[in-house]
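Colleague: Could you take me through the charged side chains in this one, and the salt bridges in particular? I'd like the cut-offs along the way.

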Amino acid sequence: MLDTTLSAFRDFEHIILVINQDDAERYATYDFPTVCGGNTRSESVMNALEKVTTPYVLIHDGARPYVSAEIIEGSVQKREKQARECAR
């Protein structure tokens with residue numbers, strides 16, 4: 001299931017995978033940096049954000065594994081449009 005989700009993000013250069021510490025060995029074969037999740041979703045997101053080196057992030061909830069590349073691209077385009085509008 002994770003492979004399906006990650007394939008939708010194939011055009012992105014930087015991906016950080018938030019995992020349960022007990023599952024670290026399972027995800028060792030993935031070519032992404034990993035961080036341990038927290039006790040809540042907010043804590044997990046913060047743990048990942050501490051590793052971010054890019055100006056923008058997309059956060060995807062792995063509990064919804066069937067996101068499409070089209071939905072992701074639409075989100076990116078909407079963010080870019082809003083940024084242009086705010087810059088006016």
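**Salt bridges and their setting**

Modeller: Helices (H or I, at least four residues) and strands (E, at least two) are DSSP runs, numbered from the N terminus. Keep in mind that this is a predicted model, where local features need pLDDT of at least 70, side-chain atom pairs count only at pLDDT 80 or more, and totals for chains, interfaces and linings use all residues. Residues are numbered from 1 along each chain as its sequence is written, and side-chain values use heavy atoms, with hydrogens and water left out.

Now the charges. The chain carries 10 positive and 14 negative side chains, and the centres of the two sets are 10 Å apart. Lys and Arg count as positive, Asp and Glu as negative, while His and the chain ends are not counted; each charge is placed at NZ of Lys, CZ of Arg, CG of Asp or CD of Glu.

Side chains of opposite charge can pair when their charged atoms come close. The structure holds 2 salt bridges, where a salt bridge means a side-chain nitrogen of Lys or Arg within 4 Å of a carboxyl oxygen of Asp or Glu.

One of them joins Asp61 and Arg64, at 2.4 Å from N to O. Asp61 is partly exposed at 26% relative accessible area, whereas Arg64 is exposed at 54%. For those labels, buried is under 20% relative accessible area, exposed is over 50%, and partly exposed is in between (1.4 Å probe, protein chains only).

Lys81 pairs with Glu85, and here the closest N and O atoms are 4.0 Å apart. Both residues sit in helix H3, 4 residues apart, or about one turn of the helix. Lys81 is partly exposed at 45% relative accessibility, and so is Glu85, at 39%.

As for overall dimensions, the C-alpha atoms fill a box of roughly 45 × 25 × 20 Å along the principal axes.
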